[in-house]
Amino acid sequence: MSTQTAATDIFTINPYDGHPSLTPLEAEVLWEYAKLAQHVKSLSQKTKTLHEEPDQTMLVRLRVLEKKMGLVLTLFKASVWGVINEQPAPEGYYNDSNETTIQH
């Protein structure tokens, strides 16, 4: 029996069921621990795989998100600039010679 088959079987067949030294409750508890251990092994393998070689699909999706965020930042800056430019200049900001010296 291969490791993958054994891993799949642990979720469908209780290997502790009918063991003479275990009560039915103990067999159920041990089965839950075995399933939990298999989940942890699977998570560990997937984490190791992601660490060794990044998920190409995830990289593509993150690149698209990065581009969208750049666009959002540019649009935000443009809208802030537009709001600032719509504000009326304070009185005395421009004098007759078109200088931008504030007059008191």
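In what order do the elements of the chain run from the N terminus on? The order is α-α-α, and the chain accordingly holds three helices and zero strands, where helices (H or I, at least four residues) and strands (E, at least two) are DSSP runs numbered from the N terminus. The model is a predicted one, in which local features need pLDDT of at least 70 and side-chain atom pairs count only at pLDDT 80 or more, while totals for chains, interfaces and linings use all residues. Residues are numbered from 1 along each chain as its sequence is written, and side-chain values use heavy atoms, with hydrogens and water left out.

Of the 104 residues of the chain, 8% count as buried, a term that denotes under 20% relative accessible area, with exposed meaning over 50% and partly exposed lying in between (1.4 Å probe, protein chains only). Among contacts (heavy atoms within 4.5 Å) with a separation of 6 or more, 22% are accounted for by residues 24 or more positions apart.

Helix H2 comprises residues 24-52, and its 29 residues reach 42 Å from the first C-alpha to the last, close to the 42 Å expected at 1.5 Å a residue; the expected span is 1.5 Å times one less than the number of residues. Buried positions in H2 are Ala-27, Trp-31, Ala-34, Lys-35 and Gln-38. Lys-35 lies over the face of Trp-31, at 4.1 Å from the ring centre, under the criterion that NZ of Lys or CZ of Arg is within 6 Å of the ring centre and within 35 degrees of the ring normal.

The loop between helix H1 (3-12) and H2 contains Asn-14, which counts as buried because its relative accessibility is 11%. Beyond residues up to four places away in sequence, Asn-14 touches Ala-27, Glu-28 and Trp-31. The side chain of Asn-14 reaches the backbone nitrogen of Tyr-16 at 2.9 Å, and a polar atom of that side chain lies 3.4 Å from the backbone oxygen of Ala-27; polar contacts are pairs of N or O atoms within 3.5 Å, one able to donate a hydrogen and the other to accept it within protein, and residues adjacent in sequence count only if both atoms are side-chain atoms.

Asp-9, in helix H1, counts as partly exposed because its relative accessibility is 27%.
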